[in-house]
Amino acid sequence: MALFKYNGEWLQERRGGLIGAILNSVVARNEQGSRVARRGRRFPRNLLKPSFFRWLLLLLAVLFFCVFATFVLKLLSNGNEEEKHLPLSGEVLEQVSSYDAPLTRPKSKRRKQHFPCEVGLAAAVDNILEPKNYMNFTQFSLEYVEREVNPHANSPQSRFGGYQTLNERKKSFLASNQTIRCGFVKGMSRLSSPGFELSENDKACMNTCRVAVSSCIFGSSDFLRRPTSRLISEFSKKNVCFVMFVDEQTLSKLSSEGHTPDEKGHVGLWKIVVVRNLPYLDMRKTGKVPKFLSHRLFPSSRYSIWLDSKMRLNTDPMLIIEFFLWRMRAEYAISNHYDRHCVWEEVLQNKRLNKYNHTAIDEQFMFYQSDGLRKFNPSDPNTPLPSYVPEGSFIIRAHTPMSNLFSCLWFNEVDRFTSRDQLSFAYTYLKLTRMNPDKPFHLNMFKDCERRALAKLFRHRLLSSPPPP
């Protein structure tokens, strides 16, 4: 085999022909591979093993985690230092100092779930009987101002709640023979009307009621939810008045949805009563008239039940009265709030959700604090109520003098201040009992889960009116 010199190296002579071309190509590839292999031997062989790459990736991951953790800790520490030096506004400082609670992280926005619980109702209406001497509670005579005679009321215009002075307000809390303002106050002019006008036929019908179940829808704020007829006894259907108060706008809306009253004015069990000349622009405040003043709307009634329009009654009303009033020896029954128990919490929640004008809420709250309202203390064995915040969508009452007085006083607070009646409940109850230590008021505050067992809860259709400015 002949050799020839190329670039200082002796190479084999290429052979001619097809076989020679093939052999020369194979030889060239082998020689090139051997040169590459020789160059590769300069690096350690273990660098090319898979285990090396795994350890390298693990080391990089540990380094990245250490750098990231250091960055996060530094960021958090800087945030805490900045938070310590942030100036708080006077309003925030006042709220924090008044609540006497440390600032905590905001709770989860996920809504809590609340469920009904078992209520030991009687098996049937036939098995119940009003106890003897049940109405033997605190007795006194209570009359109501029909026309405004206050010389300080310079305005000739009528005002549904009347023009009550602070001195008259203080005296009205006394459980004694007296005449007080309790809505439906006509103006000084003979032609004035307080509002909340009913037809004479509806008044005559309501005067015959001995037991009343009532609700209201104003400003088309809700759907009509009929009581579950199959769960109401025949006795209650014949002897209990089911009255739904509506305005003309709501009546038109309900009729368009197929709830047209029959020739007797009924839609299901509800007797539809149309209210004209509403006394307030705020529909929420107008709704407090039938809510609190059932003893005035049903003057012959011994008992009444109020339920909000967002609820559908699923329980016989006589069984409710027997359990929450007769069996508990109470003259007024209302459930506690499902989440809040202190008025301080309720004030903050109303402002947080813009339920009412903040200045009006502050004025009411400051007035109550100056008149002795204190925070709810669940650990105090002498606390008169299990909660200072009620869930006012369901109220059961006997029309006793003390119950009627409390209803008037609570309404007057709503009329004077804000329509947020949960703010004024505890103050009204505590002031009434404080000023009449020898005349007990038998109020039964039951559990919220029991309220949920009596009626099915829905959401309102919409807000009947925006919060007052």
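Let's start with a surface patch. Leu-56, Leu-57, Leu-59, Leu-60 and Leu-63 make a nonpolar patch of about 490 Å². Patch residues have over 30% relative accessible area and no salt bridge, and nonpolar side chains (Val, Leu, Ile, Met, Phe, Trp, Tyr) are joined within 5 Å. A salt bridge puts a side-chain nitrogen of Lys or Arg within 4 Å of a carboxyl oxygen of Asp or Glu. Areas come from the Shrake-Rupley method with a 1.4 Å probe, and for residues only the protein chains shown count as cover.

A word on the source. This is a predicted model, where local features need pLDDT of at least 70 and side-chain atom pairs count only at pLDDT 80 or more, while totals for chains, interfaces and linings use all residues. Residues are numbered from 1 along each chain as its sequence is written, and side-chain values use heavy atoms, without hydrogens and water.

Back to Leu-63. It lies in helix 2, residues 50-85. Leu-63 counts as partly exposed because its relative accessibility is 49%. The cut-offs: buried is under 20% relative accessible area, exposed is over 50%, partly exposed is in between (1.4 Å probe, protein chains only).

Now the whole chain. There are 15 helices and 14 strands. These are DSSP runs, numbered from the N terminus: helices are H or I with at least four residues, strands are E with at least two. Of the 469 residues, 44% are buried. The chain exposes about 27,200 Å², and carbon and sulfur atoms supply 56% of that.

Eight strands form an open sheet with mixed pairing, in the order 7-8-6-5-9-12-11-13. Strands pair if DSSP finds at least two bridges between them. Strand 7 runs antiparallel to strand 8 (residues 270-274), with two bridges. There, His-266 has Lys-271 as its bridge partner.

What about strand 9, buried or exposed? Five of the five residues, 303-307, are buried, so strand 9 is largely enclosed by the rest of the structure. Tyr-303, Ile-305 and Leu-307 cover one side, with Ser-304 and Trp-306 on the other, all buried.

Which strands pair with strand 9? Strand 5 (residues 211-217) runs parallel to strand 9, joined by four bridges. Ala-212 has Ser-304 as its partner. Strand 12 (residues 390-398) pairs with strand 9 in the antiparallel sense, over five bridges. Here Trp-306 is partnered by Ile-395.

Definitions and conventions. Patches are made of residues with over 30% relative accessible area and no salt bridge: like charges are joined within 9 Å, nonpolar side chains (Val, Leu, Ile, Met, Phe, Trp, Tyr) within 5 Å.
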